[in-house]
Amino acid sequence: IRELLQGHPQLFSAMSCCCMCMGGEPFRAPQTAKKDGTTLCELVITHTDRAHEMLGLKPMDYTPLQLVPEGNGGTCCCYVHIPEGFDAIVTKFGAETNGGVPWEPGFHTFSPFHKVAYLVNKSLVVFDTPVKDCKSADNITVNVDVLIVFKVVDSGKFVYNLGPEKLDGLMRAQQEENLRALASSVNHDQIFELQGRGCEDIVKDMNEKLEGPYGVRVLHFTVKNVRLPG
């Protein structure tokens with residue numbers, strides 16, 4: 001095979017480039033500041049084919065929602081592979097392709113003028129952060145942990161209208177607002193009744209704010225743990 005490739009210098013160069021793209025560390029350290037609990041981030045990876053290594057992982061304790069490949073098949077080969085579990089936002093000369101519709105997983109023909117700008121994680125994501133110092137109806141301070149399960153359902157809206165860092169901020173703000181309202185609805189001796197509760201009204205409220213404009217759908221909002229001070 002090597003002799004065959006050496007007889008075609010352009011193809012040999014292309015394949016060598018592909019091999020180089022696949023070496024080394026799979027990602028660069030996130031630029032987002034680490035926060036309490038889950039921290040959503042954008043992650044720069046060396047190549048599209050390294051994306052599957054990020055699924056289900058928390059590199060450096062971050063949760064990557066959006067990947068930016070430094071290399072893809074367009075610079076080296078005539079095709080690109082979009083990994084399972086991701087949508088791809090592909091550009092050509094910096095402009096969106098396919099009418100702005102994300103490319104689905106699988107193999108696609110690809111020219112050197114194309115670029116995989118973003119890979120968007122389409123898996124279910126667990127957002128787990130504590131909310132401290134909520135006040136009960138009788139003015140007792142409590143701490144509440146909650147689990148939010150969500151997924152990106154419109155990759156284009158998510159990438160161009162929001163992004164991981166802003167979603168992280170929105171999630172924390174809405175989580176805190178809803179939990180403080182929930183805690184203030186009961187006295188402190190009833191606060192443990194909140195534990196394990198699934199809050200359908202909160203899910204509906206969050207989706208009205210997130211799904212239409214930003215392409216993010218919340219599936220579950222569950223109180224995981226409640227703690228009284230001391």
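Guide: What follows is a set of questions and answers on a predicted model.

Visitor: What does the protein chain come to in helices and strands?

Guide: The protein chain has six helices and ten strands. Of its 230 residues, 44% count as buried. Its accessible surface comes to about 11,900 Å², and 54% of that belongs to carbon and sulfur atoms. Among contacts with a separation of 6 or more, 71% are between residues 24 or more positions apart.

Visitor: Why is C41 called buried?

Guide: Buried means under 20% relative accessible area. C41 is at 0%, so C41 counts as buried. C199 is at 8%, and therefore C199 counts as buried too.

Visitor: How many disulfides does a search of the whole structure find?

Guide: The search finds zero disulfides. A pair of cysteine sulfur atoms would have to lie within 2.5 Å to be counted.

Visitor: What makes β8 and β10 edge strands?

Guide: The open sheet of three strands has the order β8-β9-β10, with antiparallel pairing. β8 (125-135) and β10 (216-227) each pair on one side only, and these are the edge strands. On average, neighbouring strands of this sheet are turned by 25° against each other, direction ignored.

Visitor: How do you know that β8 and β9 pair?

Guide: Two strands pair if DSSP finds at least two bridges between them. Nine bridges join β8 to β9 (residues 141-152), and the two run antiparallel. V125 stands opposite F150 in β9.

Visitor: Which strands make up the sheet with mixed pairing?

Guide: That open sheet has five strands in the order β1-β2-β7-β4-β5. Its edge strands are β1 (40-45) and β5 (95-96), each pairing on one side only. Within the sheet, β2 (residues 63-69) and β7 (residues 114-121) pair in the antiparallel sense over two bridges. The cut-off is at least two bridges, so a pair with two bridges meets it. Q66 stands opposite V120 in β7.

Visitor: How does the reach of α5 from its first C-alpha to its last stand against what is expected?

Guide: With 20 residues, α5 reaches 28 Å, close to the 28 Å expected at 1.5 Å a residue. Residues buried in α5 include P164, L167, M171, R172 and L182.

Visitor: What makes the phi of M60 worth a remark?

Guide: Most residues other than glycine have a negative phi. M60 is a residue other than glycine, yet its phi is positive, near 55°. M60 lies in the loop between β1 and β2. Exposed means over 50% relative accessible area. M60 is at 51%, so M60 counts as exposed.

Visitor: Where is N139, and what is its phi?

Guide: N139 is in the loop between β8 and β9. Its phi is positive, about 65°, although N139 is not a glycine.

Visitor: Is N139 buried or exposed?

Guide: N139 has a relative accessible area of 54%, and is therefore exposed.

Conventions: Residues are numbered from 1 along each chain as its sequence is written. This is a predicted model: local features need pLDDT of at least 70, side-chain atom pairs count only at pLDDT 80 or more; totals for chains, interfaces and linings use all residues. Side-chain values use heavy atoms; hydrogens and water are left out. Buried means under 20% relative accessible area, exposed over 50%, partly exposed in between (1.4 Å probe, protein chains only). Helices (H or I, at least four residues) and strands (E, at least two) are DSSP runs, numbered from the N terminus. Contact means heavy atoms within 4.5 Å. Accessible areas come from the Shrake-Rupley method with a 1.4 Å probe; for residues, only the protein chains shown count as cover. Axes are lines fitted to C-alpha atoms, for helices over the stretch in contact, and angles run from 0 to 180 degrees between N-to-C directions. The expected span of a helix is 1.5 Å times one less than its number of residues.
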